[in-house]
Structures are given as C-alpha cells and as structure tokens.
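Hi,

Here is the structure I said I'd pass along.

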Amino acid sequence: MLQGQLITLDEFTIQETRKFPQATGELSSLLRDIALAGKIINKQVRKAGLSDILGKQGTSNIQGEEQMKLDVIADETLIHVLKNSTDCAGIASEENDDHVSYEDTFSANSKYVVLFDPLDGSSNIDVNASIGTIFSIYRRVSELGTTCTEADFLQPGNKLMAAGYIIYGSSTMMVYATRLSVNGFTLEPSIGEFCLSHPNIKCPENGKIYSVNQGNMNKFSDGLKSYLEYCMEVNKEEGRPYSHRYIGSMVGDLHRTLIKGGLFMYPADKSSPNGKLRLQYECNPMAFIVEAAGGIASNGDIDILDIMPTELHQRVPVYIGSKKMVEKVLAMAHAKD
Ligand code: AHG
Ligand code: MN
Ligand code: MN
Ligand code: MN
C-alpha cells in the first residue's frame, strides 16, 4: 500500500465515530492515548536487550507472581499516560493491588475506566518471543464529577465498550474491537503511526490448531484428556491430528487463533480449580474481541462475558476461539462429568 493511502488508527476511529451523530469522540481519544502508551512500551521492548531492563524486578504482584522489570515499566507507562488523558477516570491493572482513581477535574468528569494487563507473557521477555499489552474500556457506573469506585471495574464483559491488545511480535500491532467490528493496525515505524492493516477481522468458524499447556495434561479432567487424545488422533477425513502451538503468551496465542482459527484454552486443573488467567485483565477483553469476530469464549459452563466479577484479580478457566472447536471441546469435557 502506498504511504498516501494509509489509514491511521486516529483517522479510522474518527471516521467510525462520525457514523454515530450522538458520539462525542471521547472513546477515539482514549484509544489514541492507549496507542501512545503502546508506542512508548514498544520502544522499550525493542531495545530491551541493550538497556538494563531484561530480567526480574525483585518484587511480587498481588497474585504472588514475580514481576519482571518490563512488567513494571509497562504498568507505570500506562498509568502515567492515562492520567494525562482527558478521557480516563481511573485504571485497574494486573500489577497493582487496587484500582487507581485519578483525582483531577478532567478525570473526575471522564466517563470511561480502563483495565489492563500491561505486559502479557512476562516469561517470554527474556527469550525474545511475542509479548503484549491487553486493555478493556468500560463506561463507569459511578456518578460523573466524582472519583471512580471499585464498582466501575467490577462490571461483566458484556458491558464492555471496547477492548484490544497491542502485540510486540515480529511487527507491532494493535487490534481493537467494538461491538461493531474488530480491526488490526500495524505500527509503521517510519511515521510512528498504527495504520489499518487487518480490516474487519473474522475468526474462522473452524480451525486445525489447538493451544494449551499440554504439560498439565495429567492434572486435567477425564473429559479434557479425551479431547486432547482426539486432537492427536490420526483421522485423515477429519483433518487430524491437529497442530499444537503454545507460546505461553496469551496475546501471541490468541492473535494466531483469531487470524488463523483454532482453540486456545487454560482450563481448571487439580491444583488450580479456577485456572490461571485473570477474568478482568485477560479473559474478558479477549472474549470480547473473539466474540466480536464471530468466535466463542466460555469458562466451561457459561459465556465468559456473562460472568459477574466479584474481585479485581479473580481467575477463571477459559476456552476460546473458533466456534466449532470450542463447541467440541466443551461437549467432550462435559460428556465425562
Ligand atoms: P502474565 O505474563 O501477564 O502474567 O500472563 C501470563 C499468562 C498468559 O500470557 C499465558 O497464556 C499463561 O500465563 C501461560 O501460563 P503457563 O506458563 O502456565 O502455561
Ligand atoms: Mn503476571
Ligand atoms: Mn497476562
Ligand atoms: Mn502481565
């Protein structure tokens, strides 16, 4: 595509906003601020091996995970950029115990709150594999003009206004979804802009790739074990065995699943009855994106987006991706309940 024909993220969101006469442009402006934070984080990620920002920070987060230096840098960047934004009343992050309410007048009058996983795939930082940032945007339920409250952050995924991720992969991309569509923007480094590269993304209805930490198999339920056997079974007519792909970065594994089709899961197991992944920072935003693209996301019983959150950092089992593959794994998992 010629440079002059590029559509930037800003241009795209403004054009989308114009379709709705009542829209104020605040959501577009907030997405621009998140993209700015993404560009700053991207700059750090791209030179991580040269500056002293690889490795461990020496601290733990509320979930007992050891923080990496980049977890903290990405978290601080987002908190700072969104504080300066005129469209964000407060944030909640995987890396912080509680939500942060911004106290200034602009923020108190902002209608949106943002939740994020500042750096997803921490364990991949030091080995130079794909990592990402995941974000969710809710309209606050507390009164405008006041500081935001925890209730603003404890809304179910079906109330999301928008959600997305930035993947720091072989190129840097921002993918975001509204209820209307899912669109992907690749960072064009020479102009420092995210430009539309993947319009109207649809998750294929079926796929041939499954993504799970198969090392946990012996801790899985019998139904799940039989599904994994099914994936590995040789059946030429049905296109099996399927391929197994697992990076260990939800962003990386989900990005592939969204584009190529497939199944991603992090199920409950004997030692982790709620799985590992966080409802508010990882599962809800990814479920919103995948469902807006035509896929499915479930905790094994109900749609992820219908779970009423009770705690900021709660974990849930997740099965997400192509409609047919998710339906199959759920049917087989339930058959042996
Ligand atoms: P985070 O780096 O934000 O803590 O998230 C890590 C998550 C997720 O990205 C990935 O899907 C999962 O952990 C991998 O877990 P296992 O190493 O247990 O497979
Ligand atoms: Mn973590
Ligand atoms: Mn994560
Ligand atoms: Mn993280």
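A quick definition before the notes: two residues are in contact here if their C-beta atoms, placed from the backbone, lie within 7 Å. Leaving aside residues up to four places away in sequence, K276 touches Y266 and R315.

Bear in mind that this is a predicted model. The protein's average pLDDT is 95, and 98% of the residues score at least 70. The ipTM is 0.98 and the pTM 0.97.

Now the ligand. Which residues surround ligand 1? They are E65, E94, D117, D120, G121, S122, S123, N213, G248, S249, M250 and K276. Sorted by class, that shell has 6 polar, 5 charged and 1 nonpolar.

I also checked the UniProt record, an unreviewed entry. Its "binding site" annotation covers D120, G121, S122, S123, N213, Y246 and K276.

Two of these residues got a further look:

- S123 sits in the loop that links β5 (112-120) to β6 (131-139). There are 14 other C-beta atoms within 10 Å of S123, so S123 counts as partly exposed.
- K276 is in the loop between β13 (263-266) and α8 (279-292). Is K276 buried or partly exposed? K276 is partly exposed, because 19 other C-beta atoms lie within 10 Å, and a residue is called buried if the count is 20 or more.

So much for my notes; send over anything you'd like to go through together.

Cheers

Note on methods. Residues are numbered from 1 along each chain as its sequence is written. Chains are lettered from A and ligands numbered from 1 in the order in which they are written. This is a predicted model: local features need pLDDT of at least 70, side-chain atom pairs count only at pLDDT 80 or more; totals for chains, interfaces and linings use all residues. A residue is near a molecule or strand if its C-beta atom, placed from the backbone, lies within 6 Å of it. Ala, Val, Leu, Ile, Met, Phe, Trp, Tyr, Cys and Pro count as nonpolar, Asp, Glu, Lys and Arg as charged, and the others, Gly among them, as polar. pLDDT is the predictor's confidence in each residue, from 0 to 100. UniProt positions are given in the numbering used here, feature names are shortened, and annotations may be inferred rather than shown by experiment. Helices (H or I, at least four residues) and strands (E, at least two) are DSSP runs, numbered from the N terminus. A residue is buried if 20 or more other C-beta atoms lie within 10 Å of its own, exposed if 12 or fewer, and partly exposed in between; C-beta atoms are placed from the backbone.
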